[in-house]
Amino acid sequence: MAIKKNDFSSVKKKFSTSAKYKPQRFFDLGPDFLDAVGLPGPAIGHLNMFLGHSDTGKTTALVKCAVDAQKKGILPVFIITEQKWSFEHAKLMGFECEEVVDKETGELDWDGFYIFNNNFSYIEQITDYINELLDAQEKGELDYSLLFLWDSVGSVPCKMTFEGKGGKMHNAGVLADKIGMGINQRISGTRKSESKYENTLVIINQPWVQMAENPFSQPKIKSKGGEAIWLNSSLVFLFGNQKEAGTTKITATKDKRSVKFAIRSKVSVLKNHISGLGYDDGKIIVTPHGFLAGKDSTEEKNNIEKYKKEYADYWKDIIGTDGDFDLKEEKEEDN
């Protein structure tokens, strides 16, 4: 005699939950970034990583995220641990902020629709700060979706290492516990349809290079602080090459006066757990104002000429002429 099976719909109703998420959105870093990598920018509601060697375009991408967040009504929260931040440069790229005078001290400061904190000595202070803001949001004290912008992982140790008792493994362990098992869950949880807010974490990560394991393999770029950020990131953008920066410096020259004009860099999608899409051969020009597309020499030349005309007043102040200057390239730094 055949055994009667339970009705599957009743079983599913008992043990399954409904997965309803908000439509996937991205921060818009501009059409030239989209042209280079095939994605608008970091994914909203996820942990995202910008990985790459120094001076390859990561901070420019970070600022462009903040610019678009302001346009979307999402509150940018800057967590600055590398101490290289410049509001003047951010404003040049379209970030809305104004210089103000402190009424008590008379010192100059900056104000605008953002939160800024650079007073951190170790990782736990940062993760506690993020959780404090998320708690305030849940209590209704902070009625905005939040974009956390951390520049950068690898620039501060964990508390034990800060006190001289730990090392690299302790730093990695703290990031795994605090980010992987805590903050990432709180961030990604806001993608559920019933959540009032949708929060995002974008991290610039300092790299190290794992040397080739054998003569037939290649060196691989790795993020400082272990694998926790990598494993929990939905999107990872690689700026420059894996082994070294691989950038070309472009300088503006007029009457023997020379200033930095732009950097030619590479950008690619190293990891995409959202759609699986993204280019791995993108080229981009990084200027003081943002990105220019440069898949080939013709596109690059046309975009640079348009950029020179659009920002003629800026370059006139810098180099003393409104677009009438030569561009020279230094030999590519790395391969």
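Modeller: A word on burial. A residue is called buried when its relative accessible area is under 20%, exposed when it is over 50%, and partly exposed in between, using a 1.4 Å probe and protein chains only. The model is predicted, so to speak of local features pLDDT must be at least 70, and side-chain atom pairs count only at pLDDT 80 or more, while totals for chains, interfaces and linings take in all residues. Residues are numbered from 1 along each chain as its sequence is written, and side-chain values use heavy atoms, leaving out hydrogens and water.

The setting comes before the detail. The chain has 335 residues, and 47% of them count as buried. Its C-alpha atoms fill a box of roughly 95 × 60 × 45 Å along the principal axes. It contains 10 helices and 15 strands. These are DSSP runs numbered from the N terminus: helices are H or I with at least four residues, strands are E with at least two.

Now to your salt bridges. Side chains of opposite charge can pair when their charged atoms come close. The rule used here asks for a side-chain nitrogen of Lys or Arg within 4 Å of a carboxyl oxygen of Asp or Glu. A search of the whole structure turns up 14 such bridges.

Take Arg-25 and Glu-198. Their side chains form a salt bridge, with N and O 3.5 Å apart. Arg-25 sits in the loop between helix H1 (8-15) and helix H2 (31-37), and Glu-198 in the loop between helix H7 (168-189) and strand E7 (200-205), so the bridge ties together parts 173 residues apart in sequence. Which of the two is buried? Look at the accessibilities. Arg-25 is partly exposed at 36%. Glu-198 is buried at 5%.

Next comes Asp-35 with Lys-295. This salt bridge has an N to O distance of 2.9 Å. Asp-35 belongs to helix H2, while Lys-295 is in the loop between strand E14 (290-293) and helix H9 (297-310), so parts 260 residues apart in sequence are tied together. Asp-35 is partly exposed at 27%, and Lys-295 is partly exposed at 44%.

A further pair is Glu-163 and Lys-159. The closest N and O atoms of this salt bridge lie 2.5 Å apart. Glu-163 is partly exposed, with 40% relative accessible area. Lys-159 is partly exposed too, with 34%. Elsewhere, shared partners link bridges together: Asp-35, Lys-295 and Glu-299 form one network of salt bridges.

What about disulfides? A disulfide would be a pair of cysteine sulfur atoms within 2.5 Å. The structure holds 0 of them. For Cys-97, the nearest cysteine sulfur belongs to Cys-65 and is 16 Å away, and Cys-97 is in no disulfide. Cys-97 is buried, at 2% relative accessibility. Cys-158 is buried as well, at 1%.

Turn to a strand. Met-49 lies in strand E1 (residues 47-52). Its relative accessible area is 0%, so it is buried. Asn-232 is 183 residues from Met-49 in sequence, yet their C-alpha atoms are 9.5 Å apart in space.

Phe-8 is in helix H1. At 60% relative accessible area, Phe-8 is exposed. Glu-88 is in helix H4 (residues 87-92).

The backbone deserves a look as well. Asp-151 and Ser-152 are joined by a cis peptide bond, with omega about 10°. Ser-152 is part of strand E6 (residues 146-153).

Then there are positive phi values. Asp-55 is not a glycine, but its phi is positive, near 60°. The loop between E1 and helix H3 (58-72) holds Asp-55. Asp-55 is partly exposed at 39%.

Gln-83 is not a glycine either, and its phi is positive, about 60°. It is found in the loop between strand E2 (75-80) and H4. Gln-83 has 46% relative accessibility, so it counts as partly exposed.

Then find Asp-35 and Lys-295, which meet in another.
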